[in-house]
Amino acid sequence: MPDLLSVSRHYAGGWRCALHAFGLVLCLSGCAAFRSYDNEMHKTLDQTSSGNLDRAIEVLESNNRGDFKDLLYYFELGMLQRLGDRYPDSQKSWMSANAYVQAWEHTAQTNPSKLLPGAASYLINDKVRTYEGHDYEKVMLLTYIALNFLAMGEYENARVAIKQTHELEAVIAELRRKEIVEVEQDAQKRGARTSFKELNGYPVQTIDNPAVNALKNSYQSALSHYLAGFVYESLGEPSLAAPGYRLANELQPNQPLLEEALSGLEQRVSAPDAGLIDVLFVIGSGMAPALQSRQFRLPIPAYGTLVILPVAFPVMVPTSTPYLPGQLKLDDEQLLTVAPITSIDLMARRALKDDMPGIMLRAAIRTTAKGVAQYQLQHQGQKQDNAALAIAALAMTLGSVVTESADERTWRTLPSEIAIARGRIPVGKHTITLQTPEGVRSVQLNLSGRYAVVDLRLLQRQLYVQPPEVAVREGGQQPTDAGVAPAPSTGGGPETLKQQPHTMETPK
Amino acid sequence: MIDLSRTRRLALLPLFAAVALAAGCAQEQTRYGDQRSIETVTNQFSSTDLQMIAESMTRSMLQSSAIVSGNLPIVTVQEVKNKTSEYIDTRAVTDSIRSELQKSGKVRFAVDAAAMQQQVEEVERQQGEYYDKEQTAEKGRMVGAQYRMEGNIISIVKQAKDIRDVYYKFNLQLWNVRNGLLEWSDEKEIRKTTTKG
């Protein structure tokens, strides 16, 4: 195994180029190399949890002042707008995000080598990479776009978004299959370590535990497939609904609620319209976990021995304690079972686990390159007794330390955990009650049509409700009579209606 | 830890980046292809599978005694149940079969359950005061089907490290509505195996 000294001898003369490249890329990348997304999002998430969505959006905007808005900005903005029932605005933001995803998807299919990390990633850090989104985020984007369409009563458009998720999943599956092989081969050629288990002090159990390993992959969610089943069913396409429910069952096995969706499909489709609405409640809780940059010591061979250099790696940190109620009460009489269906927290952990070999390979290359450049500067400075070179070496060392930071970017306003409940209820006004650790939450909805989706989001001090603007009847057509109205609490403590009509604050 | 020759190349990274940028400017080309050419991009259900099933089923059904000896029998298309874990639009398959049968001139089709709502709405709309009563479709004049067509598709997927095998079986049946007899049935099997290169 070559050490730093022997590398540097072969590399003599290249240090100037490396130094220039480092400086040039650092200049070009600007603030991105120093950005801490986790710190940046604290205030936005805090405002969201307090029900101040307008303020949350202001904070998000203040952190993204430039003309260029990236994928992550549109992810977060779309979710905040959705929580405020601003469906058209949310759709506009998410369509902008989807344009990025579609461009990525196209590249993945036609020229996947273009998706490889750029030079800056090897010289500075992963933060300077264009944010492409994690695979599960891309799938969840389309799922939430579909939920927005459903809220607006546009079932045919929801079907388009659902169909895009199937195509996207196929592209991701193929790309990741190839990528895993390539990273393994590349690491083998370079003799680099890609197992995070070898990283001293890395909290291995956060991304390598039975729950994370039980996931089939990081991007397929039972919610997306269940929703696909629901949309196809509502449009009278049971032959497409069946695989949706079947896949949801495969991804989240042993859930009676999910099993019933498949076993009762034919009966539901052929059932006469008895004035009942098939309502799907989607209950999201908490915020997606954060990625935080932590420094670990990576052994680099030098002078015939191992030099321990600090290298930053991302660590997954839960930021909330999500709570999912076991039941949902309808009109103080009917109890609907709430079944966990998708854990974004686990998907994010699985995504990090799958990404770690690539992250470690880039870190190893980057650390060695920086080490070589530093050694060459110091060596030349001592040899020529040149103060300028010594200062440059010091600057290079400081620059390496300052820029050595892991990429913390991840879609934070996604819920941490998602559950569903489903029931056939009569058309009209209904009071939905949820028991939470902070007290009882109630909301009144006026539902009509044959199918409806109601999205509830439980945050620490807040319950957001995304009801359908218009309900849908069979065939995807919109009836005229629909709406929603907030209702006072049915108990459990004083609750305050916030500015948004479907937002309820929890007493602190 | 890091391969020596690879590390030396780091100095050339900016050059590689410039080349990559230039390569990225290469223009894409889009052209029309043969819609009936064999598609093997992945081993999921494909346009070729749809065409193969539709052709096979149409050919077989046109030779059945119910069609040959019948006097332009009237058929209604019911659901082909998708029992796979793949999002296969079975209605697209039955639409193709129906089109081919219709083109043969040996079968007529009655409105199916999925299109019934639109049919009823149109008949009712024509009862309005804006229509000429002599030319409007009257209620109670629709013709019931003599046969109903239904079926299912199943798949068996096996995957090992470097191989993925998918087997599809499409089954179609023609039932006599009046007496409940199965007049015709046929199957089309497809096997696709992908090995990782």
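A residue is classed as buried if 20 or more other C-beta atoms lie within 10 Å of its own, as exposed if 12 or fewer do, and as partly exposed in between, with C-beta atoms placed from the backbone. The structure is a predicted model, in which local features need pLDDT of at least 70, side-chain atom pairs count only at pLDDT 80 or more, and totals for chains, interfaces and linings use all residues. Residues are numbered from 1 along each chain as its sequence is written, and chains are lettered from A and ligands numbered from 1 in the order in which they are written.

Over residues 1–8 of chain A, pLDDT is below 50. Residues 471–508 of chain A likewise stay under 50. Where pLDDT is low, the predicted coordinates should not be read in detail.

Helix α5 of chain A spans residues 71–83 (helices are DSSP runs of H or I, at least four residues, and strands runs of E, at least two, numbered from the N terminus). Twelve of the 13 residues of α5(A) are buried, among them Leu71(A), Phe75(A), Glu76(A) and Arg82(A). These buried residues pack against α3, α4, α6, α8, β10 and β11 of chain A. Asp85(A), which follows α5(A), has a positive phi, near 60°.

Key
The expected span of a helix is 1.5 Å times one less than its number of residues. Two residues are in contact if their C-beta atoms, placed from the backbone, lie within 7 Å. pLDDT is the predictor's confidence in each residue, from 0 to 100.
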